[in-house]
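Here is a brief report on one helix and its setting. Please keep the sequence and the model in view.

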Amino acid sequence: MELNMGSEEMMTTSVENVQEMVKKDPSSVPERFHLITNNDDNSNISTVSSDVPVIDLSLVCDGNEEEIKKLDSACADWGFFQIINHGIDEEVLHGMKNTASEFLKLPLEEKNKYPPKDIQGYGQAQSFLTSKEQKLDWEDVLMLFIYPLSYRKLEYWPTSPPELKDAIETYSAEVHKVAEKLLRVLSVMMGMDKETLLAMHKEVMHVLRVNYYPPCPMPERVLGVSAHSDSTSLTILMQDDDITALQIRRDDGWLPIKPIPNALVVNIGDVIEIWSNGKYKSIEHRAVTNKYKARTSFASFLTPTPDVELEPLNQLVDPLNPQKFYKKITYFDYVSSSLEKKLETKPLRKNAN
């Protein structure tokens, strides 16, 4: 679940469509997709038996103190949680999944009518290549700006199937409401008025990324998405109910997140980690592949506007150890720096002054 907002020069390299590659030869994987080796820790699956916290968003919004404490602990100790009773109708969730599935079944020439440019459009995930040697993720993506409306480029919004545009509009509007609810609660948890965190964004920007992971003949060597943290405030993910693929870094290993039907996965992004001076954690995560079944996920990235300045909030600096662990930087410069460090596993670094 990674958001890139870099310059167009980084998006000119053509990479073969993974879905089509599998259709042509379902038994082989080009060397550039081999991300896992026997000499690194990527194959270490955490033996921890616990699952990520499950938060009842309706209780949180009703002011239930126990559930709010549970959310605070999830943000601080896990950086990931699943939310239930989030208020999005099952019909809306399934409508998004079903119409996207119909789009992904279209012939490649139809999908190629929306080539990726300026982070929007359809194509292979590594349209944002930083080097010719960069390893590739086993996925194709459709990325669209949702909000603000002025950022939308409708020429990248697929017109087939005809129901897809309305499904994206409806689903994304509901997810945006959920994000605003969470940001209001986080604002209070961070010692501010409930509207302050929203105001700090100037305007909550929203990008939808539809990820398609074809079956992979070498799941032990190939990742759907390589390890990263998100350069967002929040990321909200809808995933397939029957495939466990998302994993988070936990206790020197990788902990799978088991899907809960109709739940949404939320993770804290780098922006909130910086504003909270590290109290709330932006955790590395990845998606693995499987040999037998395709998987689709829907990541909604919520961020501040590019000119917003990021630095730890004074009220979240320990008076007994008054140190800010992150230097002041604009969001635009932070994302640009993250892109330059894309080959590192986690671009966010604590910068003690």
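Asn64 caps the N-terminal end of α3, with a side-chain oxygen 3.2 Å from the backbone nitrogen of Glu66. A polar contact is a pair of N or O atoms within 3.5 Å; within protein, one must be able to donate a hydrogen and the other to accept it, and residues adjacent in sequence count only if both atoms are side-chain atoms. This is a predicted model: local features need pLDDT of at least 70, side-chain atom pairs count only at pLDDT 80 or more, and totals for chains, interfaces and linings use all residues. Residues are numbered from 1 along each chain as its sequence is written, and side-chain values use heavy atoms, without hydrogens and water.

Helix α3 covers residues 65–78. Helices (H or I, at least four residues) and strands (E, at least two) are DSSP runs, numbered from the N terminus. From first C-alpha to last, α3 reaches 19 Å, close to the 20 Å expected at 1.5 Å a residue. That expected span is 1.5 Å times one less than the number of residues. Just after α3, Gly79 takes a positive phi of about 75°.

The buried residues of α3 are Glu67, Leu71, Ala74, Cys75, Ala76 and Trp78. Buried means under 20% relative accessible area, exposed over 50%, partly exposed in between (1.4 Å probe, protein chains only).

| Residue | Relative accessibility | Class |
|---|---|---|
| Cys61 | 39% | partly exposed |
| Cys216 | 0% | buried |

The protein has nine helices and 14 strands. Buried residues make up 56% of its 353 residues.
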